[in-house]
Amino acid sequence: MRTPWGVALSLAVLLWVHESHAAPEAQRSAPPPSPLPPGVSAVLWKLSVPESAAPTPERVALGEKLYNEKRLSLDDSVSCATCHDPAKGFTDHLPVSAGVKGQFGMRNSPTVLNALFNASQFWDGRAATLEDQAKLPILNPVEMAMPSPEAVVAKLKGIPEYVTAFQQVFKRDINYDDLAAAIAAFERTQFSGSARFDRFIHGETKALNESERRGWALFNGKARCNACHAGNAVSPLFSDQKFHNIGVSAHNQDFPQLAREGLKIVRLGDEKQIDELALQTRFSELGRFLVTKQENDVGAFKTPTLRNVGITAPYMHDGTLATLWDVMDHYNKGGVANPFLDGGMQRLGLTEPEIDDLVAFLFTLTDERFTKLNGQELAKQRARKNKRPERDTAVAMGKKGNLGDLAPNPDLAVKNPADIGVYGTETLPKPASTKQP
């Protein structure tokens, strides 16, 4: 007997939150906004947004103002929006982010879109909540560089409009926790789930073209993308919310030596130290290890959401992969070998037409409000298609190196993953294309 859909969804999401968020006890949830886009689960919203953090209109308005406020930085030159620009998919399109006085950090800016659903924040998960995340960049020396929370509060108290606004919204004087709460409230309104893919998975077969449908089939089959980036009704972020070493930094890092040095330096629970090591030093490449000091976390970084991936280049924690073709080349050869490489990393054996189909599919995950930007970014990436520094066809095809085992390449005429609808059953009108490139 099949479990009813609503029950199955609730159970699956509850299990995911239990494992990933590890909440100590249940708490009242904020009611979800209505209507939610098709790619956003109301159940996940309720589990992600506690009643105490409900994004009320008043908090959101203040938070948006603070999000764009450059006076929160030491020299009045940088705001949250500098690195997370709404016009650029809430990123900055730079390999690593620029802060005050022309300084650059060590990490790429992840998108704010759907960050409210993340089990943890930042590439290494060093912040548990959006409120925690909002506080750290303001104080980091290479980002906004304010010397202390007290200095931030004192600066805002010198701006009459904020003195009035905080009294109106929070009914008390300005403090650092309320500042973070307001910014987080604004960020909780930045959810995304209205992509062409969402129309397709809900039954509109013509929402994707033949190449894109072949890409979705590969995503769930030969390319094994769904091992970490599964996308369905109970996992709408296309992320397992876990941390993996996929070998991005292994070109130029001796991870064992770096970890030995890191063990002597990193202080567990020292939020300020970890934040500064992550953005200012070569220890940045230790990733999740900075937070846990666990050997299996060396060089591991959080699986990012694939939603809006077409407009959030460059890719990976250090922004070293310029295009989605580069990303596919990296995975196709099984990453770069290192002692801590994730066990799931091995060659894929993808042909060039298959890579093209996968990239085409990934661009369908962009919210339709960014359709114009999505087209522009696709054109830019396609123009760089013949410049492929990560490409190693011989390794990918098993002609040299570790051969590994390839995932099965199913007969799409018999069973095409692109025919599976949002309920996990074959509900789409026939047929989704089964043509081969």
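Leaving aside neighbours within four places in sequence, which residues is Pro-304 in contact with? In this predicted model, Pro-304 is in contact with Trp-123, His-229, Phe-238 and Ser-239 once those sequence neighbours are set aside. Pro-304 lies in the loop between β2 (301-302) and α15. Its relative accessibility is 32%, and Pro-304 therefore counts as partly exposed.

Ser-120 counts as buried because its relative accessibility is 9%, below the 20% cut-off for burial. With neighbours within four places in sequence left aside, the contacts of Ser-120 comprise Gly-125, Ala-127, Ala-128, Gln-241, Phe-243 and Lys-302.

For the protein chain as a whole, the secondary structure amounts to 18 helices and 2 strands. Of its 437 residues, 53% count as buried. Contacts between residues at least 6 apart in sequence were also examined, and 67% of these join residues at least 24 apart.

Among the helices, α3 (residues 57-67) packs against α7 (residues 160-170) at an angle of about 150 degrees, and the two axes are 9 Å apart. Since angles over 145 degrees count as roughly antiparallel, α3 and α7 are therefore assigned to that class. Their crossing is left-handed. On the α3 side, the residues that meet α7 are Glu-58, Arg-59, Leu-62, Lys-65 and Leu-66. The α7 side is made up of Glu-161, Tyr-162, Ala-165, Phe-166, Val-169 and Phe-170.

Helix α17 (residues 371-383) was considered in terms of its span and its faces. At 1.5 Å a residue, its 13 residues should span 18 Å, and the end C-alpha atoms are 18 Å apart, which agrees with that expectation. The buried residues of α17 are Leu-373, Asn-374, Glu-377 and Gln-381. Viewed down the helix axis, the buried residues of α17 fall within an arc of 100 degrees, so they line one face of the helix. An α-helix has 3.6 residues a turn, so residues three or four places apart point the same way. The cover over the buried residues of α17 includes α15 (324-332). Lys-372 and Ala-383 are exposed residues carried on the face of α17 turned away from its buried side.

Definitions and conventions: Residues numbered from 1 in each chain as written. Predicted model: local features only at pLDDT ≥ 70, side-chain atom pairs only at ≥ 80, totals over all residues. Heavy atoms only, no water. Helix = DSSP H or I, 4+ residues; strand = E, 2+ residues; numbered from the N terminus. Expected span 1.5 Å × (residues − 1). Buried < 20%, exposed > 50% of the residue type's maximum accessible area, 1.4 Å probe, protein only. Arc of directions from axis to C-beta. Contact = heavy atoms within 4.5 Å. Axes fitted to C-alpha atoms, helices over the stretch in contact; angles between N-to-C directions. Parallel < 35°, antiparallel > 145°, perpendicular 65-115°, else oblique. Left-handed = near helix turned anticlockwise from the far one by under 90°.
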